[in-house]
Amino acid sequence: MAGQERRIDDTMLIREAQRGNHAAFEELVRNYDQAVLRLAMHLTGNETEAQDVYQDAFLKAYKNIGSFRFECSFYTWIYRIVTNLCLDHLRKKNVRKEDAPVAADGDGGEYSLLDQVPDGRAGANPERDLMRRELGKRIHGALEKLTPRERMVFELKHYHGLKLRTVGEILHTTEETAKNTLFRATQKLRGALGEMR
Amino acid sequence: MSREEKRWERCDEGSSKKQVPHRAFSPVRNDRSEWVRIMKCEWVRENIVLHVYGELADDARHELEQHVARCSDCAAELKSEQEFHALLSQTPVIEPSPNLLAASRMRLQEALETAEQGRWWHRLAFDPAAWLRQVNFSPALASAILIVGFAGGIGATYKYAGLRIENSGIASIANPASTAPNDASVTGISSITQVPGSNQIDIKYNTMATQDAQGSLNDQKIQQLLLFAARNNFNSGVRMDSVDLLTQKPNDVQVRDALLYALQNDTNPGIRLKSLGALGTYVKSDVRVRDAVLAALVNDACPGVRTEALHLIEPVKADGSVRGVLMALAAKDQNQYIRTQSRSMLAQLPEID
């Protein structure tokens, strides 16, 4: 029911944005930008690049909102734009082979994003914290070895909890193909991280 | 053919289309039931991932669980997959920090200021493939376009002179010497100034060229421009000026809506604070205002706005929803002042039996 209401709200906002109402478009941005930034950060592993993806995605959405024909939800549409930008990024990154995910601090220095994962569990101790960070780096390394498409399906399913049907819609493919891609991705990850269990 | 064999046949048909790597299978014995059992294990192992992610249909999930209950190898495989899933889940997704989100929003706002939306002719010129695809799949649409084109051609030949007269009429209607601005024609507000010692307000706004409107705050045109500026302007100074003037008329429904919008959405904390101040007197009588003030108290990134919101809910602190928020803030808010004040407000409330 809440999803249906959100969709009705989105429809009104999209129609307003199509008429050139900036405020309506800004409201659409605010409804989805946190999820978009989270996805971009996880996929690029870098705050600056995530901001670039965020910027490009919403600018692209703004310029093309007039061609939005309500054939899918705005959510699917904006995710499609973001995933395409991230896929391009991952393909380029596969050529460059960059290091661990980084962010810039106030002084312009860089620090690892993996070190920022909060540990909310009770009884956390430095040794366990160190092991968790090590695990994070190993998982990141294993994710980097997946193909961009496998990585994308795995991210959307595992970390963002989307249904595979939706993942298929976003990636312009079938649910069945998304299932197969998820299967391949988990097999590869299990192979790469097998000794950690 | 047994039910299990039929089931496998279905699965085998499905998996033959897949690119899932199958293990080489060579039956050691010619025992058909053993063959069916082993093939079922293959199917289960291909679908365990989907089971762990809750993506199996009810009948397939039931079948998988039945098989796992009987087959120790597959049970071990399921346990292993679940452990792996748990291992991956130990590193959650990093949430973007509020600062990063705010910085991204500001950068986007600046970029949107100069960006232009694509027009229909732009799409036609730059994405003809999509149009052709649409026409290709819509014979009725293709026929309609053909008929319209044909009729248009005939019409143009015989009624050229008549159309010229009609067109000039349309042009004069579409460009009337109207003084009332509307949202569609206003592209931005460049400045708002109040004439000192009077109630006259001077607003410079842009359509195709900068225009000037003058009048008092009660003037409808001035009010419309102020409401437009409060919601749409990319210049925070102009937004601040408009909200500042609008705060003089918070009893007007449209003005109150604009103030609520500014409180909930404006990126400038000064503007949010100003809207909050004007809305404060309605916290008791308007439930939308109360909820917006509560939302600002809980979510606003600016401690000053939160503190002001906390002071404003004083008259409604006994409300159930307000009391709930205060209890949550008193227990675990990061801001010490908010925590202490919430406790003190709760302490003044009568106990609930």
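What share of the contacts in chain B with a separation of 6 or more comes from residues 24 or more positions apart? In this predicted model, such residues account for 49% of those contacts, a contact being two residues whose C-beta atoms, placed from the backbone, lie within 7 Å. Local features need pLDDT of at least 70 and side-chain atom pairs count only at pLDDT 80 or more, whereas totals for chains, interfaces and linings use all residues. Residues are numbered from 1 along each chain as its sequence is written, with chains lettered from A and ligands numbered from 1 in the order in which they are written.

Chain B has 17 helices and 3 strands (DSSP runs numbered from the N terminus: H or I of at least four residues for helices, E of at least two for strands). Of its 353 residues, 23% are buried, that is, with 20 or more other C-beta atoms within 10 Å of their own.

Turning to the cores, the largest nonpolar one holds 56 residues, among which A:A40, A:A57 and A:V82 touch the most other members. A nonpolar core is here a set of buried Ala, Val, Leu, Ile, Met, Phe, Trp, Tyr and Cys residues joined through C-beta atoms within 7 Å. Helix 2 of chain A (residues 22-44) gives the most to this core, with 10 residues. Leaving aside residues up to four places away in sequence, A:V82 touches A:V36, A:L39, A:A40, A:V53 and A:A57. A second, separate core of 45 residues includes B:I192, B:V243, B:A258 and B:L276. In soluble globular proteins, nonpolar side chains tend to be buried together.

Technical notes. A residue is buried if 20 or more other C-beta atoms lie within 10 Å of its own, exposed if 12 or fewer, and partly exposed in between; C-beta atoms are placed from the backbone.
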